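Welcome! Take a moment to turn the model around and look at it from several sides before you read on. The short report below walks you through what you can find in it.

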Amino acid sequence: MATHQTYKTKVICAQEDGAIKAAVENLIAGHLVAVPTETVYGLAADAHNPEALQLIYKVKGRPANNPLICHVADTQMAKRYVEVSGLTEKLMREFWPGPLTFVLPIAGDSEIPSMVSANLGSLAVRCPANDVTRNVIKNLGRPIAAPSANPSGKLSPTSAGDVLEGLGGYIPMVLDGGTADVGIESTIIGINQHKITLLRPGTVTAEDISAAAGEPVFDRHNDEITAPGQLASHYAPNAAVRLNATQKHDNETLIGFGAALGDLTLSKTGDLQEAAHALFATLRAADKTDCATIAVAPIPHTGIGIAINDRLKRAAAPRSS
Ligand code: TXA
Ligand code: MG
């Protein structure tokens with residue numbers, strides 16, 4: 001985390017006159033702006049400004065070897081930076097704008113600073129479904145680099161209030177677009193020749209991608225070499241986390257799912273989409289009960305449940321500090 005809180009952070013409603021203009025002006029001036037996306041809020045910088053990119057790493061306390069996602073307005077903009085094959089374009093047509101990120105070879109004439117991709121030779125690109133943020137990118141005329149807008153390793157933010165809790169004072173502005181619809185981060189795939197590899201599960205599932213591509217999707221999301229930022233401990237609340245809990249122990253707050261009732265629930269009806277939407281907000285709420293441990297009921301390991309279990313496993317992983 002940066003050591004000084006130098007700003008009086010403004011939360012500006014995205015619908016307000018001049019909100020998008022103010023966001024763009026801040027980005028042009030090299031400041032960071034938290035922006036809404038359909039997945040989680042992003043901590044945005046002008047992707048062409050190396051000093052602003054540096055600031056992302058400093059403000060988040062993010063390891064320098066963890067590359068950033070470039071958010072583009074459309075496929076056209078993506079093509080200025082990465083190689084888009086026929087297969088890739090087919091998947092972009094199917095899933096963009098939306099919560100699917102592509103890790104692709106950097107185009108020969110790309111002008112993106114190598115810091116965005118931590119010198120990997122590949123670049124992650126995503127076109128967010130949120131109109132407000134796509135308008136910010138269009139008006140800027142180039143991509144924004146944006147990781148989730150939380151201190152590194154902590155819970156991802158799904159509202160402007162969540163962003164303020166983690167980064168208030170460290171950035172000039174949060175563009176408030178309401179609560180994020182999807183609630184967990186985008187699915188990430190790598191495409192090399194015709195081989196599609198899942199690097200991070202999300203609400204666009206491997207089955208969805210495979211069906212649209214007519215190709216198999218290889219699951220490598222636990223491989224730390226292909227996804228350097230996928231450190232084991234991540235999304236950590238203050239309390240410890242116990243998974244697959246069938247009953248509540250002393251000093252625990254229990255998060256239920258479906259018929260397994262708790263103090264809180266991810267979805268009373270056992271709906272995985274609703275559970276993804278509620279996941280980070282519910283972990284935050286449980287953390288505020290000052291329990292020693294947050295216990296979470298079993299979540300089925302199918303479809304979107306795979307992404308939810310991935311985030312929960314990381315929230316429960318041993319922490320280095
Ligand atoms: O939904 C999302 O993707 C959100 C919103 C803000 O768009 N963003 C997000 O960013 O989750 P972040 O930085 O928290 O996660 C990006 C992940 C990291 O695990 C990083 O290692 C991986 O993407 N990544 C980025 N570029 C990569 C690359 N070139 N190769 C492999 N992994 C990459
Ligand atoms: Mg993150």
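## Buried or exposed

A residue is called buried when its relative accessible area is under 20%, exposed when that area is over 50%, and partly exposed in between, with a 1.4 Å probe and only the protein chains taken into account. By this rule, 56% of the 321 residues in the protein are buried.

Please keep in mind that this is a predicted model, in which local features need pLDDT of at least 70 and side-chain atom pairs count only at pLDDT 80 or more, while totals for chains, interfaces and linings use all residues. Residues are numbered from 1 along each chain as its sequence is written, chains are lettered from A and ligands numbered from 1 in the order in which they are written, and side-chain values use heavy atoms, with hydrogens and water left out.

## The whole protein

The protein has nine helices and 15 strands. Here, helices (H or I, at least four residues) and strands (E, at least two) are DSSP runs, numbered from the N terminus. The radius of gyration is 19 Å, close to the 20 Å that the globule rule gives for 321 residues, so the protein is as compact as a globular protein of that length. That radius is taken over C-alpha atoms, and the globule rule is 2.2 Å times the number of residues to the power 0.38. Along the principal axes, the C-alpha atoms fill a box of roughly 60 × 50 × 35 Å.

How much of the accessible surface belongs to carbon and sulfur atoms? The share is 50% of about 13700 Å², with areas from the Shrake-Rupley method and a 1.4 Å probe, where for residues only the protein chains shown count as cover. Contacts (heavy atoms within 4.5 Å) tell you about the fold too: of those with a separation of 6 or more, 69% are between residues 24 or more positions apart.

Two strands pair if DSSP finds at least two bridges between them. Eleven strands form an open sheet with mixed pairing, in the order β1-β8-β2-β3-β7-β4-β6-β5-β9-β10-β11. Its edge strands are β1 (10-13) and β11 (217-219), each pairing on one side only.

Further inside the order you can look for β5 (residues 100-105) and β9 (residues 187-192), which run parallel and are joined by four bridges. In this pair, F102 stands opposite I189 of β9.

## The sheet of four strands

An open sheet with parallel pairing has four strands in the order β12-β15-β13-β14. β12 (240-242) and β14 (264-265) each have a single partner strand, so one side of each is left without a neighbour in the sheet.

Let us follow β13 (residues 252-256), which pairs with β15 (residues 293-296) in the parallel sense over four bridges. E252 stands opposite T293, and T253 has I294 as its bridge partner. β13 also runs parallel to β14, with two bridges between them; there, I255 stands opposite L264. Are the two faces of β13 covered or open? Both are covered, with E252, L254 and G256 buried on one side and T253 and I255 buried on the other.

Most residues other than glycine have a negative phi, and most peptide bonds are trans. Some places in this model depart from that pattern. W96 and P97 are joined by a cis peptide bond with omega of about -10°, and P97 is found in the loop between α4 (86-95) and β5.

Q193, which is not a glycine, has a positive phi of about 55° and lies in the loop between β9 and β10 (195-200). Its relative accessibility is 69%, so Q193 counts as exposed. N251 also has a positive phi, near 60°. This residue sits in the loop between β12 and β13, and at 60% relative accessibility N251 counts as exposed.

## A residue in helix α8

Which residues does A276 touch, leaving aside those up to four places away in sequence? The answer is V182, G183, I184, T203, I304 and I308. A276 lies in helix α8 (residues 272-287), and its relative accessibility is 0%, so A276 counts as buried. For a sense of scale, A276 and N49 are 227 residues apart in sequence and 33 Å apart in space, C-alpha to C-alpha.
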